[in-house]
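Reader: I am new to this structure and would like to learn how to read it with care. Could we begin with the neighbours of a single residue and then widen the view?

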Amino acid sequence: MMNVKNNKFALLLAASAVSMALTGCGGDDGNDGNNGKPGGPAAEYINTLNLDVTKVTYVDGMPRIEVFATNEEDLPVVGLKDFEVKKVAQLLPQGSTGAGDNAQWQVIGSQKTFIDNQDGSYTFDIEVEGYNSALTQRYNVIAKASTLLDGVTTVPQAEIVEDFSGEGYEATYTKNIVSTASCNACHAEGEKIYHSYMTQETCATCHTKEYAEERGKPEIEWSHLIHNVHNSAKGYKADRETGEFTKDAKTAHHIVQDNCQNCHVAPEDGTEGLTEWGNWTRVPTMETCTSCHTNIDFQAGQGHSQQADNSNCVACHNASWTEELHTEDALQKKAVIDQIGMNATLTAVQDDKSANLTISFTDAEGNTLDAASLLPKLKRVESITNVGPNFPIMGYNPSPGNGEHKVALDLVQSGELANNAEIADGNLVINTGTLPFGAAGTDTDTAFSFIGLEVCSDGAQIIDCAEGVATTGMKAELAHGTLSGEAPSTRHIDSVNFAACENCHGTEWELHKGYHAGFVMTEQLGREVNGQMTVGVDGCVTCHTPDGTYMSGGKKGAFEMKLHVVHGEQGIIKDCAQCHNDFNLDAFKVKGALATPGGYTTPIAATCTSCHTSDSAQLHAVGQGAIIDGSYEAANDAAQLETCFFCHNPAISDHTQVKM
């Protein structure tokens, strides 16, 4: 056995490798495993490349590993060329590098050459420096997006990280604090996050403490870096062209909201095998804490008592207190949100073609609450009403076809009734004023109201409103009503499900709080379809109309474009399936002109060019009957004349596919 690379670690490792080892999981049993079907057919195409480390042996302290590659049909893949063991690392146990330090990966080798065994298996002989058989060994294997040796068959990128004991068997301990599955709640599975890599295990294996020290950049050590890029206190985001770090993590922070449990998920919440998920509370270190707490200089004793290392951190910052401090705000917000729900009805008034909106409040058990007694605690109750769920005809500002109708009305402002709202039979009631209802059986026979609720709060309690009191955006509600009395027209909700939004934003993220009352993403916005509660995003179009939002006619504010523009700018959404359940192409049959920066655009072209912004894409759309940045009348008249779907047949699996 060779000595540990850094001699100062050797004695500590001998004493701590067993007593301070992390609880084990992961890895393989080191047996021969499945070597495929020698002599059987090899994969002729590879849409998905699966990798597995099937065997690890050691010769004179040097590892030999066997990696088996298959395609999506479990056929062996022969002829890989851009293939490597990116890193071999071993896990220095908690405390082995210094009292109070967390467990750290130490890179000891890599290998780009291999033997193709022509049966789907590949053998790597790896030269390592500092191998210690008492430590968990990690193999990070990468196949880059390329072709096979034939130069024709394409190969998608794939990567795998597997941990073994120092003798090639199942690892007895590892550092598995956050799963890649947690990252994939926002980042598309199988898509690169940064550089060209796709898993946080790969990132953690490269961004070691030694790596950061060698480059004189402590902020790029993984436990520091990952917090940097997800909070706005000192959020670093590297410029992809220059490699320089800039303070720009507003987007990630806006999503994560300083809620540690968005990423640090307990095993009972679906992260089976994360034996060290609670490490973030048990092992506080200066390196990790200063990624968010930027006003602290431990060496100088500024903002915190002076200390030179991590040896005394846990003396004050014990696990339970650390967890409480970092989860209290999120738990209190959830407690507030769960206290009150809403139900609403929208009933048309035949005489003046207005509608009465009635809102009732319920407690956590579903019992009705008296609006009069609740009123002092309500910061804002906001109603936003429109007509025509599939192609709303009312806008914030006057525009062609939309008239002068007012969309948004507050029923309550700072504990007081507003806009002629009343309390009747314990419910809030308001009349919308005259609405531009259409004929029975048409989309515009239906009006729909989106209701937002904001309460005054202190910690986990809902309190009376007063100047300076904090507020919380609550669950929203959606109601439909028709002038004819017939069943309402409803917008399709099979393209995007609210659950997809929740996956990333969570259920306590207060959307649009400030300009609006704010609301969180919950089942409150659902409706029953075929006996099942289905949750959609159809309430959003009360504001995000064909004419956009409050800045009508200029910034692609229509719902069909807005979400593509916003999420595309962030670089997080890279796969339609992250948000879409399906593409309901029939929905375009009931749409008209959408406002774009230079005028109005036919709906298919407007939607597609919200992502495909090139001049050539726009010229192509015009060639298929689209109007881009034309007059409202021209774009509306041509709305059903676009021929895009004669050729294009976008699907979730491939939105670029065409009909043959």
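Author: A contact means heavy atoms within 4.5 Å. This is a predicted model, in which local features need pLDDT of at least 70, side-chain atom pairs count only at pLDDT 80 or more, and totals for chains, interfaces and linings use all residues. Residues are numbered from 1 along each chain as its sequence is written, and side-chain values use heavy atoms, with hydrogens and water left out.

Reader: Which residues does Phe-361 touch, not counting residues up to four places away in sequence?

Author: Among them are Ile-340, Met-342, Leu-369, Leu-374, Val-381, Leu-428 and Leu-453.

Reader: What is a nonpolar core, and which residues of the largest one touch the most other members?

Author: A nonpolar core is a set of buried Ala, Val, Leu, Ile, Met, Phe, Trp, Tyr and Cys residues joined through side-chain atoms within 4.5 Å, where buried means under 20% relative accessible area with a 1.4 Å probe, protein chains only. The largest has 40 residues, and Ile-359, Phe-361, Val-381 and Leu-453 touch the most other members. A second, separate core holds 28 residues, including Tyr-122 and Phe-164.

Reader: How far can I trust the coordinates?

Author: The guide is pLDDT, the predictor's confidence in each residue, from 0 to 100. Where pLDDT is low, the predicted coordinates should not be read in detail. For the protein the mean is 86, and 86% of its residues reach 70 or more. Over residues 1-39, however, the pLDDT is below 50, although this stretch has 98 contacts in the model beyond near neighbours in sequence.

Terms used:
Buried < 20%, exposed > 50% of the residue type's maximum accessible area, 1.4 Å probe, protein only.
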